[in-house]
Amino acid sequence: MRLSILFALPLLVSAAPAPEQPSPARLKQTVTTLVGFGTRHSSSSTTDPKRGIGAARTWAKAQFDAIGAACGGCLTTETIARNFTGPRAPDGVEIVDVLGIQKGSDPDRVVIVGGHIDSIVGDVMDAMADAPGANDDASGVALVLESARILSKHKFRATIVYAIFSGEEQGLWGGKLLADTAKERGWQVTAMLNNDIVGNSIGQGGVRADRSVRVFSEGIRQAEDLKGDLARRANGGEDDGPSRALAKAVDQVAAGIPGGLDAFIVRRPDRFGRGGDHQPFLELGYPAVRFTVAAERWDGQHQYVRTEGGVAYGDTIDKMDFAYLAKVTAINVATIRRLAAAPAAPEGVTVSGALSRDVTVAWQPVAGAVRYRVHWRRADTAAWSDSRDVANATQVVLKNVPIDDNFVGVSAIGADGAESLVTFAGPAPRR
(Lines give C-alpha, C1' and ligand atoms only; values in the text may rest on other atoms or scores of the structure.)
Protein backbone atom coordinates (compact mmCIF):
# COMPACT_ATOMS: atom_id res chain seq x y z
CA MET A 1 0.00 0.00 0.00
CA ARG A 2 2.80 2.41 0.95
CA LEU A 3 4.69 1.65 -2.28
CA SER A 4 1.57 2.32 -4.35
CA ILE A 5 1.20 5.72 -2.74
CA LEU A 6 4.83 6.57 -3.36
CA PHE A 7 4.62 5.58 -7.00
CA ALA A 8 1.42 7.59 -7.42
CA LEU A 9 2.87 10.79 -6.00
CA PRO A 10 4.60 11.97 -9.19
CA LEU A 11 1.27 11.81 -10.97
CA LEU A 12 -0.01 14.51 -8.64
CA VAL A 13 2.66 16.98 -9.77
CA SER A 14 1.43 18.95 -12.77
CA ALA A 15 3.90 20.23 -15.34
CA ALA A 16 3.91 23.89 -16.28
CA PRO A 17 1.65 24.52 -19.27
CA ALA A 18 3.43 24.81 -22.60
CA PRO A 19 3.55 28.34 -24.05
CA GLU A 20 0.75 29.15 -26.48
CA GLN A 21 1.79 28.57 -30.08
CA PRO A 22 1.02 30.88 -33.00
CA SER A 23 -1.96 29.81 -35.11
CA PRO A 24 -1.38 29.27 -38.86
CA ALA A 25 -5.14 29.67 -39.39
CA ARG A 26 -5.23 33.05 -37.64
CA LEU A 27 -2.17 34.22 -39.55
CA LYS A 28 -3.82 33.23 -42.83
CA GLN A 29 -7.02 35.03 -41.86
CA THR A 30 -5.08 38.24 -41.18
CA VAL A 31 -3.19 38.08 -44.49
CA THR A 32 -6.43 37.31 -46.35
CA THR A 33 -8.08 40.38 -44.84
CA LEU A 34 -5.15 42.64 -45.70
CA VAL A 35 -5.01 41.38 -49.28
CA GLY A 36 -8.74 42.12 -49.50
CA PHE A 37 -8.07 45.86 -49.26
CA GLY A 38 -6.92 45.73 -52.88
CA THR A 39 -3.92 48.01 -52.51
CA ARG A 40 -2.18 49.34 -49.45
CA HIS A 41 0.07 51.77 -51.30
CA SER A 42 1.02 54.61 -48.96
CA SER A 43 -0.48 57.14 -51.40
CA SER A 44 -3.71 55.20 -51.93
CA SER A 45 -7.05 56.28 -50.49
CA THR A 46 -7.24 57.14 -46.82
CA THR A 47 -11.02 57.65 -46.87
CA ASP A 48 -12.44 54.69 -48.78
CA PRO A 49 -13.85 52.32 -46.11
CA LYS A 50 -13.00 49.18 -48.10
CA ARG A 51 -9.96 49.87 -50.28
CA GLY A 52 -6.57 51.44 -49.68
CA ILE A 53 -4.08 52.19 -46.95
CA GLY A 54 -6.58 54.07 -44.80
CA ALA A 55 -9.01 51.17 -44.55
CA ALA A 56 -6.16 48.76 -43.82
CA ARG A 57 -4.76 50.90 -41.03
CA THR A 58 -8.22 51.39 -39.52
CA TRP A 59 -8.70 47.63 -39.49
CA ALA A 60 -5.28 47.06 -37.91
CA LYS A 61 -6.04 49.57 -35.17
CA ALA A 62 -9.33 47.77 -34.48
CA GLN A 63 -7.38 44.52 -34.02
CA PHE A 64 -5.17 46.14 -31.38
CA ASP A 65 -8.26 47.63 -29.74
CA ALA A 66 -9.84 44.17 -29.53
CA ILE A 67 -6.66 42.63 -28.09
CA GLY A 68 -6.52 45.40 -25.50
CA ALA A 69 -10.13 44.85 -24.54
CA ALA A 70 -9.55 41.10 -24.17
CA CYS A 71 -6.70 41.65 -21.70
CA GLY A 72 -8.54 44.24 -19.63
CA GLY A 73 -6.73 47.24 -21.05
CA CYS A 74 -3.18 45.88 -20.76
CA LEU A 75 -2.58 46.99 -24.34
CA THR A 76 -3.41 50.46 -25.61
CA THR A 77 -3.56 51.63 -29.21
CA GLU A 78 -1.91 54.72 -30.61
CA THR A 79 -1.20 56.23 -34.02
CA ILE A 80 1.72 58.49 -34.84
CA ALA A 81 1.96 60.46 -38.09
CA ARG A 82 4.22 62.76 -40.07
CA ASN A 83 4.31 64.11 -43.61
CA PHE A 84 7.23 62.89 -45.72
CA THR A 85 8.40 63.99 -49.16
CA GLY A 86 10.84 62.15 -51.40
CA PRO A 87 11.46 60.74 -54.89
CA ARG A 88 8.69 58.17 -54.43
CA ALA A 89 6.26 60.75 -53.03
CA PRO A 90 7.25 64.08 -54.61
CA ASP A 91 4.00 65.77 -53.55
CA GLY A 92 4.32 64.51 -49.99
CA VAL A 93 2.34 61.86 -48.15
CA GLU A 94 1.18 61.47 -44.57
CA ILE A 95 2.77 58.38 -43.07
CA VAL A 96 0.87 56.82 -40.17
CA ASP A 97 2.17 54.07 -37.89
CA VAL A 98 -0.32 52.03 -35.87
CA LEU A 99 1.01 50.95 -32.47
CA GLY A 100 -0.14 48.55 -29.82
CA ILE A 101 1.65 49.39 -26.54
CA GLN A 102 1.80 46.90 -23.69
CA LYS A 103 3.35 48.72 -20.74
CA GLY A 104 5.70 46.85 -18.45
CA SER A 105 6.75 47.46 -14.86
CA ASP A 106 9.83 49.26 -16.23
CA PRO A 107 7.86 51.29 -18.80
CA ASP A 108 10.70 53.24 -20.42
CA ARG A 109 12.62 50.11 -21.41
CA VAL A 110 11.13 48.90 -24.67
CA VAL A 111 11.13 45.85 -26.94
CA ILE A 112 9.72 46.57 -30.42
CA VAL A 113 8.39 44.09 -32.96
CA GLY A 114 7.26 45.46 -36.33
CA GLY A 115 6.20 44.87 -39.91
CA HIS A 116 5.02 47.22 -42.67
CA ILE A 117 1.44 47.35 -43.91
CA ASP A 118 2.04 49.22 -47.19
CA SER A 119 2.39 47.45 -50.55
CA ILE A 120 3.40 48.32 -54.12
CA VAL A 121 3.43 46.87 -57.64
CA GLY A 122 6.00 47.10 -60.44
CA ASP A 123 5.63 50.88 -60.71
CA VAL A 124 6.24 52.25 -57.23
CA MET A 125 4.28 55.40 -58.17
CA ASP A 126 1.12 53.45 -59.10
CA ALA A 127 -1.22 53.86 -56.14
CA MET A 128 -4.31 52.60 -57.97
CA ALA A 129 -3.45 49.09 -59.20
CA ASP A 130 -4.11 46.01 -57.09
CA ALA A 131 -1.08 45.43 -54.87
CA PRO A 132 -1.95 42.43 -52.69
CA GLY A 133 1.34 42.49 -50.74
CA ALA A 134 0.61 39.11 -49.17
CA ASN A 135 4.17 38.25 -48.23
CA ASP A 136 5.61 41.77 -48.51
CA ASP A 137 4.53 42.53 -45.92
CA ALA A 138 1.11 41.35 -44.77
CA SER A 139 3.09 38.39 -43.40
CA GLY A 140 4.95 40.71 -41.03
CA VAL A 141 1.77 42.50 -39.94
CA ALA A 142 0.09 39.15 -39.26
CA LEU A 143 3.10 38.13 -37.16
CA VAL A 144 2.92 41.37 -35.14
CA LEU A 145 -0.80 40.97 -34.42
CA GLU A 146 -0.43 37.30 -33.50
CA SER A 147 2.47 38.16 -31.18
CA ALA A 148 0.27 40.76 -29.48
CA ARG A 149 -2.58 38.27 -29.05
CA ILE A 150 -0.26 35.77 -27.34
CA LEU A 151 1.95 38.05 -25.25
CA SER A 152 -0.85 40.35 -24.06
CA LYS A 153 -1.96 37.51 -21.80
CA HIS A 154 1.20 37.92 -19.70
CA LYS A 155 2.94 40.64 -17.71
CA PHE A 156 6.51 41.75 -18.40
CA ARG A 157 9.22 43.98 -16.99
CA ALA A 158 9.80 45.89 -20.24
CA THR A 159 7.18 47.62 -22.38
CA ILE A 160 6.39 45.84 -25.65
CA VAL A 161 5.59 47.99 -28.68
CA TYR A 162 3.81 46.20 -31.52
CA ALA A 163 4.40 48.37 -34.59
CA ILE A 164 2.63 48.41 -37.96
CA PHE A 165 4.57 50.72 -40.26
CA SER A 166 3.52 52.63 -43.37
CA GLY A 167 5.81 54.11 -46.00
CA GLU A 168 8.43 51.36 -46.05
CA GLU A 169 8.31 51.10 -49.82
CA GLN A 170 8.60 54.89 -50.22
CA GLY A 171 11.75 55.26 -48.12
CA LEU A 172 11.62 53.38 -44.78
CA TRP A 173 9.56 56.30 -43.50
CA GLY A 174 7.42 54.38 -41.03
CA GLY A 175 10.54 52.97 -39.38
CA LYS A 176 12.10 56.43 -39.20
CA LEU A 177 8.93 57.85 -37.69
CA LEU A 178 8.95 55.32 -34.85
CA ALA A 179 12.73 55.46 -34.32
CA ASP A 180 12.52 59.24 -33.98
CA THR A 181 9.54 58.86 -31.64
CA ALA A 182 11.52 56.43 -29.47
CA LYS A 183 14.33 58.94 -29.16
CA GLU A 184 11.96 61.84 -28.44
CA ARG A 185 10.22 59.87 -25.69
CA GLY A 186 13.45 58.68 -24.12
CA TRP A 187 12.75 54.99 -24.64
CA GLN A 188 15.57 52.63 -23.77
CA VAL A 189 15.24 50.27 -26.72
CA THR A 190 16.44 46.80 -25.73
CA ALA A 191 15.61 45.28 -29.12
CA MET A 192 13.84 46.00 -32.38
CA LEU A 193 12.68 42.96 -34.38
CA ASN A 194 11.75 43.84 -37.96
CA ASN A 195 9.76 41.20 -39.84
CA ASP A 196 9.60 41.78 -43.57
CA ILE A 197 8.82 38.97 -46.06
CA VAL A 198 8.52 36.12 -43.56
CA GLY A 199 5.80 33.90 -45.01
CA ASN A 200 7.05 31.69 -47.86
CA SER A 201 9.04 28.46 -47.87
CA ILE A 202 9.37 28.01 -51.65
CA GLY A 203 11.85 30.44 -53.18
CA GLN A 204 12.73 31.53 -56.70
CA GLY A 205 13.03 28.61 -59.09
CA GLY A 206 11.15 26.26 -56.78
CA VAL A 207 13.86 26.10 -54.13
CA ARG A 208 12.41 24.66 -50.91
CA ALA A 209 13.74 26.40 -47.80
CA ASP A 210 11.46 25.51 -44.91
CA ARG A 211 14.01 24.78 -42.19
CA SER A 212 15.50 28.19 -41.47
CA VAL A 213 14.82 31.92 -41.39
CA ARG A 214 17.46 34.56 -42.04
CA VAL A 215 18.25 37.07 -39.30
CA PHE A 216 20.28 40.05 -40.52
CA SER A 217 22.34 42.13 -38.08
CA GLU A 218 25.11 44.70 -38.09
CA GLY A 219 28.34 44.01 -36.19
CA ILE A 220 30.00 47.37 -35.60
CA ARG A 221 27.30 49.89 -34.81
CA GLN A 222 26.37 52.25 -37.59
CA ALA A 223 25.84 54.94 -34.97
CA GLU A 224 29.35 54.68 -33.50
CA ASP A 225 31.69 57.56 -34.17
CA LEU A 226 35.16 56.93 -35.56
CA LYS A 227 36.68 56.75 -32.08
CA GLY A 228 34.16 54.13 -30.97
CA ASP A 229 34.58 52.22 -34.21
CA LEU A 230 38.35 52.08 -33.82
CA ALA A 231 38.05 51.08 -30.16
CA ARG A 232 35.71 48.19 -31.02
CA ARG A 233 38.06 47.03 -33.77
CA ALA A 234 41.06 47.21 -31.45
CA ASN A 235 39.16 45.21 -28.85
CA GLY A 236 38.07 42.53 -31.32
CA GLY A 237 34.38 43.30 -30.85
CA GLU A 238 33.35 43.48 -34.52
CA ASP A 239 31.07 40.47 -34.05
CA ASP A 240 29.59 41.59 -30.75
CA GLY A 241 27.88 44.95 -31.20
CA PRO A 242 24.40 45.23 -29.63
CA SER A 243 22.56 44.18 -32.81
CA ARG A 244 24.82 41.17 -33.31
CA ALA A 245 24.28 40.28 -29.63
CA LEU A 246 20.55 40.44 -30.35
CA ALA A 247 20.93 38.13 -33.35
CA LYS A 248 22.89 35.66 -31.24
CA ALA A 249 20.13 35.72 -28.62
CA VAL A 250 17.57 35.02 -31.36
CA ASP A 251 19.70 32.09 -32.50
CA GLN A 252 19.81 30.71 -28.97
CA VAL A 253 16.05 31.13 -28.53
CA ALA A 254 15.29 29.48 -31.88
CA ALA A 255 17.46 26.48 -31.03
CA GLY A 256 15.30 25.84 -27.96
CA ILE A 257 11.98 25.62 -29.84
CA PRO A 258 11.09 21.96 -30.57
CA GLY A 259 10.33 21.42 -34.25
CA GLY A 260 11.12 25.05 -35.03
CA LEU A 261 13.36 26.82 -37.51
CA ASP A 262 17.08 27.40 -37.46
CA ALA A 263 18.00 31.07 -37.18
CA PHE A 264 20.50 31.63 -39.97
CA ILE A 265 22.53 34.62 -38.74
CA VAL A 266 23.61 36.73 -41.70
CA ARG A 267 26.44 39.04 -40.70
CA ARG A 268 25.33 42.19 -42.51
CA PRO A 269 22.55 44.70 -41.73
CA ASP A 270 20.26 43.53 -44.55
CA ARG A 271 20.24 41.73 -47.88
CA PHE A 272 22.93 42.89 -50.26
CA GLY A 273 22.24 46.48 -51.32
CA ARG A 274 18.75 46.51 -49.78
CA GLY A 275 17.11 47.83 -46.64
CA GLY A 276 14.20 47.70 -44.22
CA ASP A 277 12.45 49.45 -41.34
CA HIS A 278 15.07 48.38 -38.79
CA GLN A 279 17.69 50.62 -40.41
CA PRO A 280 16.44 53.94 -38.96
CA PHE A 281 16.82 52.30 -35.54
CA LEU A 282 20.40 51.31 -36.34
CA GLU A 283 21.11 54.92 -37.35
CA LEU A 284 20.13 56.00 -33.83
CA GLY A 285 22.19 53.27 -32.15
CA TYR A 286 19.35 50.94 -31.14
CA PRO A 287 19.84 47.14 -31.33
CA ALA A 288 17.81 45.96 -34.35
CA VAL A 289 17.63 42.95 -36.65
CA ARG A 290 15.63 41.89 -39.69
CA PHE A 291 13.84 38.55 -40.14
CA THR A 292 13.36 37.42 -43.76
CA VAL A 293 12.59 34.03 -45.31
CA ALA A 294 15.47 31.72 -46.18
CA ALA A 295 14.76 31.91 -49.93
CA GLU A 296 12.93 34.86 -51.46
CA ARG A 297 10.65 34.58 -54.47
CA TRP A 298 11.42 37.68 -56.52
CA ASP A 299 8.71 37.10 -59.13
CA GLY A 300 6.30 37.64 -56.25
CA GLN A 301 7.76 40.95 -55.07
CA HIS A 302 6.88 44.43 -56.39
CA GLN A 303 5.09 42.95 -59.41
CA TYR A 304 1.81 43.59 -61.19
CA VAL A 305 -0.39 40.52 -60.79
CA ARG A 306 -0.23 38.72 -64.15
CA THR A 307 0.86 35.54 -65.90
CA GLU A 308 3.59 35.67 -68.55
CA GLY A 309 5.30 32.72 -70.20
CA GLY A 310 3.64 30.38 -67.76
CA VAL A 311 4.99 32.32 -64.76
CA ALA A 312 2.53 33.73 -62.23
CA TYR A 313 3.81 37.12 -61.08
CA GLY A 314 2.53 39.05 -58.09
CA ASP A 315 2.62 38.90 -54.32
CA THR A 316 -0.43 36.67 -53.90
CA ILE A 317 -1.52 34.60 -50.95
CA ASP A 318 -1.25 31.25 -52.77
CA LYS A 319 2.55 31.56 -52.69
CA MET A 320 2.63 31.58 -48.87
CA ASP A 321 3.23 28.85 -46.27
CA PHE A 322 1.38 29.66 -43.05
CA ALA A 323 2.88 26.79 -41.05
CA TYR A 324 6.27 28.32 -41.84
CA LEU A 325 5.05 31.81 -40.90
CA ALA A 326 3.81 30.40 -37.58
CA LYS A 327 7.32 29.10 -36.86
CA VAL A 328 8.87 32.49 -37.59
CA THR A 329 6.26 34.04 -35.32
CA ALA A 330 7.13 31.55 -32.58
CA ILE A 331 10.78 32.68 -32.64
CA ASN A 332 9.72 36.32 -32.34
CA VAL A 333 7.32 35.57 -29.49
CA ALA A 334 9.91 33.57 -27.56
CA THR A 335 12.59 36.24 -28.08
CA ILE A 336 10.26 39.03 -26.95
CA ARG A 337 9.15 36.96 -23.96
CA ARG A 338 12.76 36.49 -22.85
CA LEU A 339 13.99 40.04 -23.38
CA ALA A 340 10.87 41.74 -22.00
CA ALA A 341 11.02 39.60 -18.86
CA ALA A 342 14.76 40.07 -18.30
CA PRO A 343 16.56 43.01 -16.71
CA ALA A 344 18.44 45.44 -18.93
CA ALA A 345 21.79 44.38 -20.33
CA PRO A 346 24.73 45.38 -18.12
CA GLU A 347 26.63 48.58 -18.86
CA GLY A 348 30.26 49.44 -18.24
CA VAL A 349 31.49 45.88 -18.77
CA THR A 350 35.29 45.85 -18.65
CA VAL A 351 38.14 43.35 -18.70
CA SER A 352 41.74 43.56 -17.56
CA GLY A 353 44.54 41.04 -17.40
CA ALA A 354 47.31 41.91 -19.80
CA LEU A 355 50.43 39.78 -19.26
CA SER A 356 48.42 37.32 -17.16
CA ARG A 357 46.77 33.91 -17.46
CA ASP A 358 43.74 35.28 -15.60
CA VAL A 359 41.20 37.92 -16.58
CA THR A 360 39.27 40.25 -14.27
CA VAL A 361 35.75 41.13 -15.42
CA ALA A 362 33.76 44.01 -13.92
CA TRP A 363 30.41 45.66 -14.66
CA GLN A 364 27.87 48.08 -13.28
CA PRO A 365 24.94 46.72 -11.23
CA VAL A 366 21.62 46.27 -13.03
CA ALA A 367 18.26 46.96 -11.40
CA GLY A 368 16.25 43.76 -11.03
CA ALA A 369 19.16 41.40 -11.63
CA VAL A 370 19.47 38.58 -9.09
CA ARG A 371 22.70 37.35 -10.65
CA TYR A 372 24.93 37.84 -13.67
CA ARG A 373 26.24 35.43 -16.26
CA VAL A 374 29.83 35.91 -17.38
CA HIS A 375 30.37 34.41 -20.85
CA TRP A 376 33.61 33.71 -22.64
CA ARG A 377 34.85 32.01 -25.78
CA ARG A 378 38.03 31.47 -27.71
CA ALA A 379 38.86 34.42 -29.93
CA ASP A 380 38.62 32.34 -33.12
CA THR A 381 34.92 31.48 -32.57
CA ALA A 382 31.65 33.43 -32.80
CA ALA A 383 29.40 31.71 -30.24
CA TRP A 384 29.80 31.90 -26.47
CA SER A 385 31.06 28.52 -25.28
CA ASP A 386 31.55 28.88 -21.52
CA SER A 387 29.82 30.77 -18.74
CA ARG A 388 29.78 31.28 -14.99
CA ASP A 389 26.96 32.70 -12.90
CA VAL A 390 27.89 35.32 -10.30
CA ALA A 391 25.61 36.52 -7.49
CA ASN A 392 26.04 39.39 -5.04
CA ALA A 393 29.03 40.79 -6.93
CA THR A 394 29.86 42.90 -9.96
CA GLN A 395 33.36 41.57 -10.49
CA VAL A 396 34.91 38.17 -10.99
CA VAL A 397 38.32 36.70 -11.85
CA LEU A 398 38.36 33.98 -14.50
CA LYS A 399 41.34 31.74 -13.86
CA ASN A 400 43.31 30.44 -16.83
CA VAL A 401 41.28 32.44 -19.34
CA PRO A 402 44.01 34.60 -20.89
CA ILE A 403 42.69 37.84 -22.27
CA ASP A 404 44.80 37.63 -25.42
CA ASP A 405 43.07 34.43 -26.51
CA ASN A 406 39.48 34.91 -25.32
CA PHE A 407 36.53 37.27 -25.62
CA VAL A 408 34.31 38.00 -22.61
CA GLY A 409 30.78 39.34 -22.11
CA VAL A 410 28.22 39.69 -19.31
CA SER A 411 24.43 39.34 -19.18
CA ALA A 412 21.94 40.02 -16.38
CA ILE A 413 19.54 37.37 -15.06
CA GLY A 414 16.15 38.12 -13.49
CA ALA A 415 14.41 36.26 -10.68
CA ASP A 416 12.52 34.10 -13.17
CA GLY A 417 15.72 33.16 -15.02
CA ALA A 418 15.15 35.44 -18.02
CA GLU A 419 18.47 36.59 -19.47
CA SER A 420 19.33 39.92 -21.04
CA LEU A 421 21.47 40.44 -24.09
CA VAL A 422 25.19 39.90 -23.58
CA THR A 423 27.30 43.05 -23.34
CA PHE A 424 30.78 42.65 -24.81
CA ALA A 425 33.61 43.49 -22.41
CA GLY A 426 36.21 46.11 -23.32
CA PRO A 427 39.13 47.75 -21.58
CA ALA A 428 38.44 50.05 -18.66
CA PRO A 429 38.66 53.76 -19.54
CA ARG A 430 42.02 55.30 -18.82
CA ARG A 431 42.04 57.71 -15.92
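Helix α10, which comprises the 20 residues 322–341, spans 28 Å from its first C-alpha to its last, close to the 28 Å expected at 1.5 Å a residue, the expected span being 1.5 Å times one less than the number of residues. The model is predicted, so that local features need pLDDT of at least 70 and side-chain atom pairs count only at pLDDT 80 or more, whereas totals for chains, interfaces and linings use all residues. Residues are numbered from 1 along each chain as its sequence is written, and side-chain values use heavy atoms, with hydrogens and water left out. Because 16 of its 20 residues are buried, α10 is largely enclosed by the rest of the structure; buried means under 20% relative accessible area, exposed over 50%, and partly exposed in between, with a 1.4 Å probe and protein chains only.

The count of disulfides, defined as pairs of cysteine sulfur atoms within 2.5 Å, comes to 1. This disulfide joins C71 to C74, with an S to S distance of 2.1 Å, and the link is left-handed, with -100 degrees about the S-S bond. C71 is partly exposed at 23% relative accessibility, and C74 is partly exposed at 24%.

Strand β6 (residues 212–216) runs parallel to β7 and is joined to β7 by 5 bridges, and R214 stands opposite F264 in β7.

Key. Helices (H or I, at least four residues) and strands (E, at least two) are DSSP runs, numbered from the N terminus. Two strands pair if DSSP finds at least two bridges between them.
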